[in-house]
Amino acid sequence: MEVHLSDAERVFIVHGVQEGIRNDGRGASDYRPIRVETGVLSTTLGSARVRLASTDVLVGVKAEIDEIDCKQTEKKGRIRFFVDCSANATPLFAGKGGEEMAEFVSTALTDAYSNSKALDLSKLVVSTTKAWTIFVDVVVLECGGNLTDAAALGAKAALADARLANVRIKASDSEKSEIELTDDAYFDSWQLDVIMAPLLVTVNKIGWSNVVDASLQEEVCTKSALVVGVASSPAKGDLVTLVRQTGRGSLEPDSVDEMIALGVRAGNSLNRELDRILADIGRTQTNRNELVSAAGFLSS
Amino acid sequence: MRLPASSLPLSHFTQSSSGLPSHSDRQNTANMRPFFIRANVLESAKGSAYIEMGNTKLVCSVDGPKEITVSSDSGDAYSEGILNVRVKFAVFSHQERTVSDADAHRRIGDPTELETKLAANIQDGLSPAVCLDRIPRAQIDINCTILEDQGGVLSAALICASSALADAGIDMYDLVLSSSLAVVDNDQMIVDPSTTCLADKPISGSVTVALMPSLNQVVTCEQSGACSPETLRKAIRLATECCVKLHPLVQKALVTSVRLRSRPK
């Protein structure tokens with residue numbers, strides 16, 4: 001995020017985008033190359049690494065059994081998001097620098113997932129008083145623009161990769177209950193259904209045009225952006241789960257409509273591609289007895 | 001003194017709603033709740049305002065421009081001023097005096113998650129409206145205290161804070177007006193809902209829109225829940241129309257406060 005542009009460079013980028021020409025030759029609704037890998041961390045129940053050009057995020061999913069909030073009418077589990085912008089990502093994140101950005105991304109993820117259609121939280125219930133709480137931790141390794149979208153991609157992929165063990169709760173004599181696991185907790189496990197998990201698409205307003213997936217330089221030229229959370233499936237169509245306006249500028253009401261429409265279109269194709277890749281990964285994980293040695297993911 | 005580990009309020013066991021008339025009593029769901037605003041309510045603050053939207057009540061005070069005290073990480077080197085927003089919920093503002101799990105580890109006096117989020121939203125919403133480039137290397141303190149939260153807090157806070165800023169004489173491009181809206185499951189939209197009115201209905205989405213009425217510029221557009229893009233478009237349109245209805249009331253409140261200030265004491 002340490003990008004300094006002269007006025008001439010700013011004007012060059014803005015005028016180019018308004019003509020439909022971005023610096024790297026992309027169209028307004030094109031994403032930069034994305035690489036997603038799952039199962040990269042052995043200490044987590046599910047993990048994913050997303051590389052969106054030079055933006056690099058690592059997401060780990062852990063789960064703990066916790067008391068159900070007795071004030072809720074429906075019994076369900078919880079999901080919590082934490083984002084950590086490490087100082088490696090950019091020197092500006094050292095110390096408390098990355099807190100604002102981390103706060104923004106984690107709030108956006110929490111709000112986008114906080115509807116009943118995203119994840120079926122009632123499946124997380126294990127007994128009348130206990131349910132799983134899922135923790136999704138995002139670590140930003142490198143920031144090359146468009147952190148929000150990369151974090152959301154990572155969160156969805158990591159949740160798809162997560163395996164939760166089947167547990168049985170036995171009520172014992174004392175107040176504490178006993179948790180029973182089968183001998184082979186890895187195989188006696190289940191996965192979350194993430195088909196309706198939302199992805200976040202940041203639509204930036206540069207000049208009078210709207211673009212998706214802004215690079216660092218394009219972000220500097222953005223006065224106002226709209227983060228749109230989109231969930232889509234062939235059966236249920238597109239659903240918008242989050243809209244958040246960010247940036248120091250204001251927008252025309254018509255622009256808001258256009259930006260949301262662009263976000264939904266981009267989110268739809270992003271969702272479909274990610275679902276396809278996750279399905280492929282699921283199919284190729286054939287022999288789970290094989291020990292997969294990590295080749296050092298930061299090297300490739 | 002520490003609270004017992006697990007205590008439940010009485011309302012958890014009773015089914016009765018509060019005795020105050022609820023929003024659902026109103027025939028027309030396209031009407032907003034009764035609205036009241038007054039500026040210059042606090043003697044000690046440079047600018048202040050008090051707002052009531054239905055049963056949601058909050059007061060906002062503004063101080064500044066003054067020297068920057070909050071550490072910021074932006075590489076801007078403060079070429080523009082900044083807004084420092086603090087939000088506080090009064091302990092009795094909600095039906096239940098609860099502390100959520102997320103807040104269990106915070107120190108007393110630190111803002112809760114909800115307060116931090118609301119402060120960030122207010123700051124984002126007001127920044128486009130204030131002429132920040134006229135106050136470089138300075139900050140404006142905005143303190144919001146929510147006395148009662150019965151829905152639509154963000155909207156009320158934005159209107160109240162922008163009135164307080166105007167009352168303080170801070171240079172602004174325009175006022176900020178806002179309204180919220182809930183989409184109930186059969187695509188029915190309820191404008192400016194209160195929490196009691198939404199208590200027994202399945203909400204599929206809630207939308208808050210803030211705009212600068214004279215310039216017709218949207219400064220905040222927030223949606224949560226899950227709704228189709230078409231429904232969302234209609235909801236944003238409806239919320240924008242409702243914002244504009246409040247303009248004459250806010251203008252009147254500010255004119256009244258100017259008259260009161262200029263009256264010889």
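Biologist: Which residues are linked in a network of salt bridges?

Modeller: The network joins A:Arg22, A:Asp24, A:Arg26, A:Arg32, A:Asp213 and A:Glu218. The model is predicted, and local features need pLDDT of at least 70, side-chain atom pairs count only at pLDDT 80 or more, and totals for chains, interfaces and linings use all residues; side-chain values use heavy atoms, without hydrogens and water. Residues are numbered from 1 along each chain as its sequence is written, while chains are lettered from A and ligands numbered from 1 in the order of writing.

Biologist: What makes the meeting of the A:Glu218 and A:Arg22 side chains a salt bridge?

Modeller: The N to O distance in this pair is 2.9 Å. A salt bridge requires a side-chain nitrogen of Lys or Arg within 4 Å of a carboxyl oxygen of Asp or Glu, and therefore the pair qualifies. The partners come from distant parts of the chain, 196 residues apart: A:Glu218 from helix α4 (residues 216-220) of chain A, and A:Arg22 from the loop between α1 (7-18) and β1 (34-38) of chain A. Both A:Glu218 and A:Arg22 are buried. Over all chains, the structure holds 27 salt bridges.

Biologist: Why does A:Arg276 count as partly exposed?

Modeller: The relative accessibility of A:Arg276 is 44%. Buried means under 20% relative accessible area, exposed means over 50%, and partly exposed lies in between (1.4 Å probe, protein chains only). The value for A:Arg276 falls in the middle range, so the residue is called partly exposed. The same label applies to A:Glu273, whose relative accessible area is 39%. The side chains of A:Arg276 and A:Glu273 form a salt bridge at 2.7 Å, N to O. Both residues belong to helix α5 of chain A and are 3 residues apart, about one turn of the helix.

Biologist: How do you know that B:Arg33 forms a salt bridge with B:Asp192?

Modeller: The closest N and O atoms of B:Arg33 and B:Asp192 are 3.0 Å apart, which meets the criterion. The pair ties together parts 159 residues apart in sequence, because B:Arg33 lies in the segment before β1 (35-39) of chain B and B:Asp192 in the loop between β7 (188-191) and α3 (195-198) of chain B.

Biologist: Are B:Arg33 and B:Asp192 buried or exposed?

Modeller: B:Arg33 has 6% relative accessibility and therefore counts as buried. B:Asp192 has a relative accessible area of 1%, so this residue is buried as well.

Biologist: What makes A:Ser233 count as buried?

Modeller: A relative accessibility of 11% places A:Ser233 under the limit, so the residue counts as buried. A:Ser233 lies in strand β12 (residues 224-233) of chain A; helices (H or I, at least four residues) and strands (E, at least two) are DSSP runs numbered from the N terminus. Apart from neighbours within four places in sequence, A:Ser233 is in contact (heavy atoms within 4.5 Å) with A:Ile195 and A:Met196. Its side chain also reaches the backbone nitrogen of A:Lys236 at 3.0 Å.

Biologist: How many residues does the contact take from chain A and from chain B?

Modeller: Chain A gives 33 residues and chain B gives 38 residues. The two chains bury about 2,900 Å² between them, 49% of it on carbon and sulfur atoms; buried area is the accessible area (1.4 Å probe) that two parts lose on being put together, summed over both.

Biologist: What is the count of salt bridges between chain A and chain B?

Modeller: There are 5 salt bridges between chain A and chain B. One joins the side chains of A:Arg248 and B:Glu80 at 2.5 Å, N to O. On the side of chain A that touches chain B, the elements giving two or more residues are β4 (78-85), α2 (99-113), β13 (237-246) and α5 (253-284) of chain A. The largest share, 8 residues, comes from β13(A).

Biologist: How many helices and strands are there in chain A and in chain B?

Modeller: Chain A has 5 helices and 13 strands, and chain B has 5 helices and 9 strands. Buried residues make up 52% of the 300 residues in chain A and 47% of the 265 residues in chain B.

Note on methods:
Polar contact = N/O pair within 3.5 Å; in protein donor to acceptor, adjacent residues only side chain to side chain.
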